[in-house]
Amino acid sequence: MNRTRREFLKTVGIGTAALSIPQLFSSCGTSKQRPNILFIMSDDHAEQAISCYGSNLIQTPNIDRIAHEGVRFKNSFVTNSICAPSRAVLLTGKYSHKNGLRDNRDEFDGNQVTFPKLLQQHGYQTYMIGKWHLKTDPTGFDSWKILIDQGQYFNPEFIENGERKEYIGYTTDIITDMALKQLEARRSDAPFCMFVHHKAPHRNWMPNFKYLDNYSDEDLPLPETFYDDYSTRSAAAREADMRIDDMYLSTDMKLNEGSYERETGSGGSETYAKNAPADWQAQRARFTEQQLKMWDAHYDRVNREFKDKKLEGRALLEWKYQRYIKDYLRCIMSVEESVGRLLDYLDDQGLADSTLVVYTSDQGFYLGEHGWYDKRFMYEESLSMPLLMRYPKHIEPGLVSDDIVLNLDFAPTFLHYADVKVPSDMQGESMKPLLTSTTPNKWRKSMYYHYYEYPHGWHDVKKHYGVRTDRYKLIHFYDDIDAWELYDLQEDPNELNNVYSDPKYDSVVVSLKEELNRLRIKYDDE
Ligand code: CA
């Protein structure tokens, strides 16, 4: 039993010896009860922007509600911190080198075994709504409505069970409407598993009109590590093209040509650098006349301000940060609203007790930490994946878990809850024992990570793999570099001091390399 669980029992006045968790929380449901599964996943939503994770930037009461009525995982991590690979791991319960999708350029092989397919074969109604991003059509779903590639923030195009359809409106709201409509249309004689996958708050962070003016009269705090000079790190951090400094005045800052002299951004790919201003014009052209008017009512002021201020150096950088973080948070406000609508629906329909609700993101994100936006690195901000789960009477309310869990674990967890046999080649572990009993002794004490998208693709983050324990993180960057980094998360939670070459840590390096080797053999990664 971990500390937080003991504290919970104390707060409800039950001595830890008096009553065990299984007695407390499993007595109301039989093991054969198969829950509905509502899996809500946003895109690039960092823990730093969720209030139950201690955000100093935003309040997210609806998302927090899942944590307060269920569990919050403090140490949930992604195995490969980038959009499509994270989704492939979710579906298959296998690492990228096993499911065949290592980076955003790869296509997902939909013929392989996925947990929605298994649930479908075992009587579940299965639905996929929102961002899919795996290039091939979804398989294993009774009904699917997906955005094309990354999708658009406004007036999105969907592919619905193979047919293209256009909508007018804000995508986060449209996805929520679709989900509620699909729930209305479900059969009541079988459980459902529904994916609600938001596009937001992915780059380029276009908020809904009603939230555009939030934060207008305040400046948000810079993160502590905003001016990280990468002095103790390998070249990988310095050479990454994802600094807020590198953001585009056009697509990222949403300035119109005429408000700036020349585009100075570089963040992304070489092709994108040439197209950013044109891409921004194309995005503006998607608005209806009325929408454009509402958009410009806010951004005309931003354009004027930028033109007048003639900012340079740090003032320009910090101005960019404010533009970025405010639009990012405003996008989350719609996600937060969506979660509230979905939870309300479950309440209204009497489904709350029979539904396992999950809120997560495909991975974490940098909100200015180390001077960055984006993800990819094995550093904490992008390795961490918010994870909240609620299943009343089965998961104790207010539980905070510090067990290490991974997106690799979703598939076996849901199969376990649905009483479906977990295929032996799935590499994750069911989280159910963590939630219904004390943490099993054999639960993982370390996690394995591997990122591949280099040199082709976006942001120039070098290939790397590594291991993280509760205290340490060892990373090896490879390909056109051969560099190791070691962080002592207890002494240095912000990962500013790479202590790989510090003799004090020699024995730590040796044991972590052994652990890394063990994990590479375990997961069969050469
Ligand atoms: Ca993502």
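## Terms and basis of the model

A residue is called buried when its relative accessible area is under 20%, exposed when it is over 50%, and partly exposed in between, using a 1.4 Å probe and protein chains only. The structure is a predicted model, in which local features need pLDDT of at least 70 and side-chain atom pairs count only at pLDDT 80 or more, whereas totals for chains, interfaces and linings use all residues. Residues are numbered from 1 along each chain as its sequence is written, and side-chain values use heavy atoms, with hydrogens and water left out.

## Overall architecture

The chain contains 15 helices and 14 strands; these are DSSP runs numbered from the N terminus, with helices (H or I) of at least four residues and strands (E) of at least two. Its radius of gyration is 23 Å, close to the 24 Å that the globule rule gives for 526 residues, so the chain is as compact as a globular protein of that length. That radius is taken over C-alpha atoms, and the rule is 2.2 Å times the number of residues to the power 0.38. Along its principal axes, the C-alpha trace spans about 70 × 60 × 50 Å.

Of the 526 residues, 64% count as buried. Among contacts (heavy atoms within 4.5 Å) with a separation of 6 or more, 69% are made by residues 24 or more positions apart. The accessible surface of the chain is about 20500 Å², and carbon and sulfur atoms contribute 47% of it; such areas come from the Shrake-Rupley method with a 1.4 Å probe, and for residues only the protein chains shown count as cover.

## The calcium site

The calcium ion is coordinated at 2.2 to 2.9 Å by Asp43 (OD), Asp44 (OD), Cys83 (SG), Asp362 (OD), Asp362 (OD), Gln363 (OE1) and Gln363 (NE2). Donors are N, O and S atoms within 2.8 Å of the metal (3.2 Å for Na, K and Ca); water is not among the atoms, so sites may look incomplete.

In sequence, the donor residues follow the spacing D-D-x38-C-x278-D-Q. Asp43 lies in the loop between strand S1 (36–42) and helix H3 (61–68), and Gln363 in the loop between strand S8 (355–361) and helix H12 (380–383), so the pair ties together parts that are 320 residues apart in sequence. Both Asp43 and Gln363 are buried.

## Covered segments

Helix H13 (residues 410–417) is mostly covered, with seven of its eight residues buried. The buried residues in H13 are Phe410, Ala411, Pro412, Thr413, Phe414, Leu415 and Tyr417. After H13 comes Asp419, which has a positive phi near 65°.

Thr114 is situated in the loop between helix H5 (96–99) and helix H6 (115–121). With a relative accessible area of 1%, Thr114 is buried. Leaving aside residues up to four places away in sequence, Thr114 touches Leu91, Thr92, Phe108 and Thr139.

## Backbone features in loops

Arg203 and Asn204 are joined by a cis peptide bond with omega of about 10°; Asn204 belongs to the loop between strand S7 (192–197) and helix H8 (235–239). The peptide bond from Tyr454 to Pro455 is also cis, with omega near 0°, and Pro455 sits in the loop between strand S11 (446–451) and strand S12 (464–469).

Lys135, although not a glycine, has a positive phi of about 70°. Lys135 lies in the loop between strand S3 (125–130) and strand S4 (143–147) and is partly exposed at 49% relative accessibility. His370 is likewise not a glycine and has a positive phi of about 60°. His370 occurs in the loop between S8 and H12 and is buried, with a relative accessible area of 0%.
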